[in-house]
Amino acid sequence: MDAFLHQVLAGLATGGIYASVALALVMIYQATHLVNFAQGELAMFSTYIAWSLINAGMPYWGAFFLTVGFSFVLGVVIERVVIRPVENSPVLAVVVVFIALLVILNSITGWIYSYTIKTFPSPFPEQPLFGNKFMSSHEIGAIGVTLVVLLLLYAFFRFTPLGLAMRAAAQNPESSRLVGIRVGWMLALGWGLAAAIGSVAGMMVAPIVFLDPNMMGGVLLYAFAAALVGGIDNPAGAVFGGFLVGVLENVLGAFVIGNELKLAVALVLIIGVLTVRPSGFFGRVHVTRV
Amino acid sequence: MTMRKLAPFAVLMLIACVLPFAVSEYRTFQFTLVLVYAIALLGLNILTGFNGQISLGHGAFYAIGAYCAAILMDKYGVPYWATLPVAGAACLLVGFLFGLPALRLEGLYLALATFALGVSLPQLLKYHHLEAWTGGVQGITITKPDAPALFAELGLPLNQDQWLYFFTLAVALAMFALGANLLRGRIGRAMMAIRDNHVAAEAMGVNNAMVKSLTFGVSAMFTGIAGALGAIAVQFVAPDSFNIFLSITLLIGIVIGGLASISGAIYGALFIQFVPNIADEISKAAPWAIFGLFLLGFIYLMPGGFAGAVRMVFTRTGMAQLRRKRQNH
């Protein structure tokens, strides 16, 4: 029983990280109806920036917030420069652009920082918190950070005029434009926010999986699964999906199929959800008009 | 084939036949891989370019083909040439089965599902219960086939690389003929009709579900046969050589070679084989940076790829000739 509980709790901790990346995916999906294949690499790149800052002697939280700010700007710039030109292109062109971004970010990071694995510090103490024997303090901290991000996002979209404008732009671009919302910039802001959330996830996952240019491959896959399980247009659903996928992955990996096939869990979930219930648990069902 | 089309084709074939005698063994091996990639790219292009179904996981079918060939040769002593039909049939079946759930997925979601397949495949290949066949992380080493003794008797001794090149060339010709005929006929037109407007296609009496899943199967078959040939040429299969970047390489090949173009598969194969070799000298990461930049550049500036550009040059010069003729009258 102890072992089971331990796996569930560890699953919640990684689930928090998947939830963050899933949230970033949902942000971009809501605004543009696109799935960002480069989300993981974007987060990985941000994490390397944080690593450089910390290695240059900056205190952890200083580097953390600076990185989040930098990622926001990076996200906005990418939307403006790279995504803008293909906004109205066929899906294939957009997917190819995302793949190009993925490849470029991956190789640039490898070029600058080399492909050797690096350790990344955790801001949380090494001793388990409150003397519990189930979770390391980094795991508890990661869950805490995810929940804080979620609350901040909720508050932003619910209580600020800018958040309202962004929601409006995502839901009905034409009408939003008529009431004076600059829809293009709202999309760019959405990208910025997604990149910032992704960077938080990257910095939280890096102490667990270690820092290397390919570290987000698996995480991105779980995040896709999480976003789909929760419903790809529902932020709260994505967070729920993240925790669910994290727990499923850990428990199934530990007791049923073995650690070697963990990624297959994501594959089965993705294909299963897409075929059986494409709108996920909490998503809106889409009906296309002929 | 008309005379006008036949002439360039004959020249091309002549070059292709002389090539292995003019270059080093290593270059011959590289050109063999170009042919292998060309078959794989044609397969992906049938699916993505002609039928509009995006696959980011075609490396998986390449891997299945490669493993089929390696396992049959290594464990069961099957001759190399006999592994190709088996690899093709296996991939046809797997592709068709994967195409069935994929029917319900459109555009982005299919890309997602195939991406998941591509990412998780190396892990599946490493699975320890399959290790008796797949060799686990170590993979399988196979031996390169010798040229049949017949050639030496005819006074044309071919070394292993040259023989494999000609063998691959023959298979590639057969596959391209098959692909071209398939795309030119009724089924090919149905594929393109579905890509352009699936509702209209359905209304015209095209069985969308059947055509789409069959296209998936045929596409996987092409890529699987290429995988088997690739395994024989490289003499080695291992899970980590079939990661998501292989699938991405194939996507890069069809975008740069030219979507929905048969000749584009050859341009794309030349590109993905030789550009990394040149770029490798700058840095280990350089090939992928260059791949990425080329991808962006092509999508923005030349969405038709090399094949599109070539076609444009020919039609322009053709138009110019026509105009000159008219003026002379």
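This is a predicted model: local features need pLDDT of at least 70, side-chain atom pairs count only at pLDDT 80 or more; totals for chains, interfaces and linings use all residues.
Q: How many helices and strands does chain B have?
A: Chain B has two strands.

Q: What is the radius of gyration of chain B?
A: For 329 residues, the globule rule gives 20 Å. Chain B comes close to that, so it is as compact as a globular protein of that length. Its radius of gyration is 21 Å.

Q: How far does helix α4 of chain B reach from its first C-alpha to its last?
A: This helix covers residues 80-102, which is 23 residues. At 1.5 Å a residue, 33 Å would be expected, and the helix is close to that. Its reach is 32 Å.

Q: Which helices of chain B do the buried residues of α4(B) pack against?
A: The buried residues of α4(B) include L84(B), L92(B) and F98(B), along with the glycines G88(B), G95(B) and G99(B). Their packing partners in chain B are α3 (59-76), α5 (108-126), α8 (160-184) and α11 (208-234).

Q: What radius of gyration does chain A have?
A: Turning to chain A, we find eleven helices and zero strands. A compact globule of 290 residues would have a radius of gyration near 19 Å, and chain A agrees with this. The value for chain A is 19 Å.

Definitions and conventions:
Residues are numbered from 1 along each chain as its sequence is written. Chains are lettered from A and ligands numbered from 1 in the order in which they are written. Helices (H or I, at least four residues) and strands (E, at least two) are DSSP runs, numbered from the N terminus. The radius of gyration is taken over C-alpha atoms; the globule rule is 2.2 Å times the number of residues to the power 0.38. The expected span of a helix is 1.5 Å times one less than its number of residues. A residue is buried if 20 or more other C-beta atoms lie within 10 Å of its own, exposed if 12 or fewer, and partly exposed in between; C-beta atoms are placed from the backbone. Two residues are in contact if their C-beta atoms, placed from the backbone, lie within 7 Å.
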